[in-house]
Amino acid sequence: MTLVVELRRGAPASRTGRAPGPRPAAGTLERMVVDDAFGTALDKPGRHRLPTLAAVDPYGDTVLRGEAVDRTVREPEGADLARPGSAEREVVTALSAWGLRCRTDGDLRIAFPGD
């Protein structure tokens, strides 16, 4: 199963508190296409250890922001993901890095567009 994961910027609701200048571009900033590595990354430690990512529906649209992004960063910290350098670890590490970016920028979100 192939899954697309995107780091997106939503349009800010207001410009209050921002420095003058153009608004940051909205839309997809980065895209990652993963094959079986995502499912394997969930299965190795057990889906119960990564419940936020396990809840992603590959056929529906899922967007993570706010508390869901925080859980996406926290959950892998306690899970035994695999040997370093494996494809599964790379997927979860990339998602955690995107989650950290989302924490610092409230307009960012992690999206899993479905089929």
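Let's start at a helix pair: Val69, Asp70, Thr72, Val73 and Arg74 in α3 meet Leu95, Ser96, Gly99, Leu100, Cys102 and Arg103 in α4. Meeting here is contact, i.e. heavy atoms within 4.5 Å. Helices (H or I, at least four residues) and strands (E, at least two) are DSSP runs, numbered from the N terminus.

This is a predicted model, where local features need pLDDT of at least 70 and side-chain atom pairs count only at pLDDT 80 or more, while totals for chains, interfaces and linings use all residues. Residues are numbered from 1 along each chain as its sequence is written, and side-chain values use heavy atoms, with hydrogens and water left out.

**Exercise 1.** Work out how α3 and α4 pack.

*Solution.* Step one: the angle is about 140° and the axes are 8 Å apart. (Axes are lines fitted to C-alpha atoms, for helices over the stretch in contact; angles run from 0 to 180 degrees between N-to-C directions.) Step two: that angle makes α3 oblique to α4, given that under 35 degrees is roughly parallel, over 145 roughly antiparallel, 65 to 115 roughly perpendicular and the rest oblique.

**Exercise 2.** Find the buried residues of α3 and say how they are arranged around the helix.

*Solution.* Step one: pick out Ala68, Val69, Thr72 and Val73. Buried means under 20% relative accessible area, exposed over 50%, partly exposed in between (1.4 Å probe, protein chains only). Step two: look down the axis of α3; these residues fall within an arc of 140°, so they line one face of the helix. The arc is taken over directions from the helix axis to the C-beta atoms. Step three: list the partners, namely α2 (51-54), β3 (62-64) and α4.

**Exercise 3.** Describe the surroundings of Leu53.

*Solution.* Step two: check its accessibility; at a relative accessible area of 2%, Leu53 is buried. Step three: skip residues up to four places away in sequence, and Leu53 touches Phe38, Leu42, Thr72, Glu75, Leu95 and Phe112.

**Exercise 4.** Which members of the largest nonpolar core touch the most others?

*Solution.* Step one: a nonpolar core is a set of buried Ala, Val, Leu, Ile, Met, Phe, Trp, Tyr and Cys residues joined through side-chain atoms within 4.5 Å. Step two: of its 21 residues, the answer is Val5, Phe38, Leu95, Trp98, Ile110 and Phe112. Step three: see who contributes; α4 gives the most, with four residues.
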